[in-house]
Amino acid sequence: MLMIRRRGGPTVPLWILTVALLALGACRGTVPIKRLLDDPARYDGETVRVKGEVTSAIGALGRGAYRLNDGTGTLNVVSEEHGAPREGARVGVEGLFQSVFTLGDQTGAVLREKRRFDP
């Protein structure tokens, strides 16, 4: 087994170092909602992560829709498996961004939720 020895420290197996680097690479940051809405064509069809406060919500039977505000903008989120969080909750969401329309300075878009995470 290949080992890496740090000066004056313990030996670290290479596989531990590799796993740690892969985990750091997998931790993607969030995108400000304003950036999504300012350039919706760039993100259309892409998986993105956002976080913010739920400003309105409706849900039933495990499905739901809610509006998420991160301080830079507001985005509609559709959940087909997890229902909707309560109003006022702070959530992080990863999902498929879909641009619906751009008309003047207004952009219609939705995020199709894949999973939630703690912001």
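# Notebook: a chain of three helices and seven strands

**Entry 1, the chain.** I looked up burial, and of the 119 residues of the chain, 29% count as buried (under 20% relative accessible area with a 1.4 Å probe and protein chains only; exposed is over 50%, partly exposed in between). The model is a predicted one, where local features need pLDDT of at least 70 and side-chain atom pairs pLDDT 80 or more, while totals for chains, interfaces and linings use all residues. Residues are numbered from 1 along each chain as its sequence is written, and side-chain values use heavy atoms, without hydrogens and water.

I noted the order of elements from the N terminus as β-β-α-α-α-β-β-β-β-β (DSSP runs, with helices as H or I of at least four residues and strands as E of at least two). The accessible surface of the chain is about 7800 Å², and 54% of this belongs to carbon and sulfur atoms (Shrake-Rupley method, 1.4 Å probe). I also checked contacts (heavy atoms within 4.5 Å). Among those between residues at least 6 apart in sequence, 49% join residues at least 24 apart.

I found 18 residues in the largest nonpolar core, and Leu36, Leu75, Val93, Phe97 and Leu111 touch the most other members. The elements that give two or more residues to this core are α2, β3 (47–60), β4 (63–69), β5 (74–79), β6 (90–103) and β7. Such a core is a set of buried Ala, Val, Leu, Ile, Met, Phe, Trp, Tyr and Cys residues joined through side-chain atoms within 4.5 Å.

I then listed the contacts of Val93, not counting residues up to four places away in sequence: Val48, Arg49, Val50, Tyr66, Leu68, Val77, Leu111, Glu113, Arg115, Arg116 and Phe117.

Arg49 sits in strand β3 and counts as buried at 14% relative accessibility. From Arg49 to Val93 I have 44 residues in sequence and 5.6 Å in space, C-alpha to C-alpha.

Phe117 is in strand β7 and is buried, also with 14% relative accessibility. Phe117 and Gly92 are 25 residues apart in sequence, with 4.9 Å between their C-alpha atoms. Leaving aside neighbours within four places, the contacts of Phe117 are Thr30, Arg49, Val50, Val91, Gly92, Val93 and Glu94.

Val31 is in the loop between α1 (14–26) and α2. Is Val31 buried or exposed? Val31 counts as buried because its relative accessible area is 14%. Beyond four places in sequence, Val31 is in contact with Leu36, Tyr43, Arg49, Val50 and Asp70. Asp70 is 39 residues from Val31 in sequence and 9.8 Å away, C-alpha to C-alpha.

Leu61 lies in the loop between β3 and β4. Leu61 is exposed, since its relative accessible area is 89%. I noted a phi near 55° for Leu61, a positive value in a residue other than glycine. Most residues other than glycine have a negative phi.

I looked up the largest pocket last, and its volume is about 170 Å³ (the space filled by probe spheres set on grid points joined across faces, edges and corners). A pocket here is an open set of points on a 1 Å grid over the protein atoms alone, where a 1.4 Å probe fits, with protein on both sides within 12 Å along at least five of seven lines; lining residues have an atom within 4 Å of a point. The lining is Lys34, Leu37, Asp38, Thr72, Gly73, Phe101, Asp105, Gln106, Thr107 and Gly108. The elements giving two or more residues to this lining are α2 (33–38) and β7 (106–117).
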